[in-house]
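Let's take a friendly walk through this model, starting with its rings and charges.

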Amino acid sequence: MLKKSSSRSLQCRPGGLLTMLCPLLLISLLTVVILSSDVSYLHFFDTNTLPHLFFDTSPNDISHSPIVLPYSLHSQISNLQTQLGALLGQLHNESSESKVAKFSDQVLRIAVSVDKLVNSLSSISGNAPASGDGMSRVEEDLSEAGEGEDQEPPGVKVFNTGELHEYTSPKLNRPSGKKNFLGVEAISPSIGLTCAHMATTIKRFMSYKMYGMCPDDWDLAQKLITSGCDPLPRRRCLSRASPNYNKPFPVNSSLWTQPSDANILWSHYKCKGYSCLVSNETRGRRGFFKCADCFDLSKRRWEIPTNESVSAEFTIDQVLALKPREIRIGLDFSPTTGTFAALMKERNVTIASATLNLGAPFNEVIALRGLLPLYLSIGSRLPFFDNTLDIIHSTLFLDGWIGKELLQFVLFDWDRALRPKGLLWVDRFFCSKEVMKLYLDEFESLSYKKLLWRVVPKTDKDGDELFFSAVLEKPIRR
């Protein structure tokens, strides 16, 4: 009798309310069944963050591996299943169709849930490129790349094994599924997109014993960074230091005192001691050429006024006088050991020095002088919020090697970090005479106010090159 009554209550007779509800319920059920059968474990890829490089689009190699969906869809599908189960259970126990109306609110909620789910799936479908037969999937790369083979073709997925997989997987909050104070259910660690093109190198970089000592391979890390694999994914190992590390000099003397050799790990430098970095006898054999004298801490620069007709160098006091008591924090993006930052510190201005280790221990020396080093590539976005820095200075770094498009990306990022009325100090930018106007046009395109502007011959190149220096004021944009 119960079965008979239940059967009648679920019939979709013409003219009844269930006539309208049954198609919706059937579609909802079918959607949930199909999706729940294909949804696999939450994968570490987000299609909005890691584009088509990680999708194998070959039409000739399609497997029936599970569809990979973001974590947020799992909760939507689970919620939809729960609502449908509750509704069907109540419908099953009803004895007459006249009582179906009280379930209309539940059906409406289910319809809204289905609509949200469809929108989410449409978003994913729009972001993931289709293969020749309309399918996309993540393909595991089990092949062994040849030694020195760094550039992998698009479509090869490299974030699939070992510690690299563990790093890139989203880290769920506790309790699971609850949003944290950042408004997210899980933290997805950052990794540079170009890492996907460097499977051999990144695999070697990530081959280390977890919780043990990190390999002594900062040179490999720098190769990855300069190639765009930044930020790097290595985390769970302990950094190495010089075995004879000594206490650094006190703050009142460290700015201009030559650091101790014992505090630098020299294994990957041509010079094996600080005296090699400053000796005239080793000139040309030190392993670096940018900033040739910057390890000589007696070279203070930027303090002695120069002849405007022959020198492109402004003094620090000359620049600070443009904004009395306004310059407090800033950035020096140069091949530097921190001398500019040291001089500014003496004038109560805090400067972060951004540089790589270009064949010598630039970052180590900056830190040993009691200054702040930023180990940063020119291709990286500055780690500062918008409109926060009073001054950005760069010397002997941006010059004729840089392409127009890259220069634009750099300048606009500097503009982002620089506050309104802040100063951009371009210090001795040099290039050939033929292309100087092209570069000047790029600087002028920012529409900054020219406070200081100087173009003079670069005398060590027989007049074929020019120096350009300027101090520019960022306008207030509304």
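## Charges over rings

Arg-300 sits over the face of Trp-256, 4.2 Å from the ring centre. Lys-450 is likewise placed over Trp-453, at 4.0 Å from the ring centre. Here a charge counts as over a ring if NZ of Lys or CZ of Arg is within 6 Å of the ring centre and within 35 degrees of the ring normal.

## About the model

This is a predicted model, where local features need pLDDT of at least 70, side-chain atom pairs need 80 or more, and totals for chains, interfaces and linings use all residues. Residues are numbered from 1 along each chain as its sequence is written, and side-chain values use heavy atoms, leaving out hydrogens and water.

## Aromatic pairs

The structure holds 16 aromatic pairs (rings of Phe, Tyr and Trp, the last by its six-membered ring, with centres within 6.5 Å; stacked under 30 degrees between planes, edge-to-face over 60, tilted for the rest). Trp-218 and Tyr-269 form a tilted pair, because their centres are 5.2 Å apart and their planes meet at 35°. Trp-218 is partly exposed at 22% relative accessible area, whereas Tyr-269 is buried at 3% (buried is under 20%, exposed over 50%, partly exposed in between, with a 1.4 Å probe and protein chains only).

Phe-340 and Trp-425 pair edge-to-face, with 5.5 Å between centres and 75° between planes. Phe-340 is buried at 0% relative accessibility, and Trp-425 is buried at 0% too. Elsewhere, ring pairs join Phe-429, Tyr-439, Phe-443, Trp-453 and Phe-468 into a cluster.
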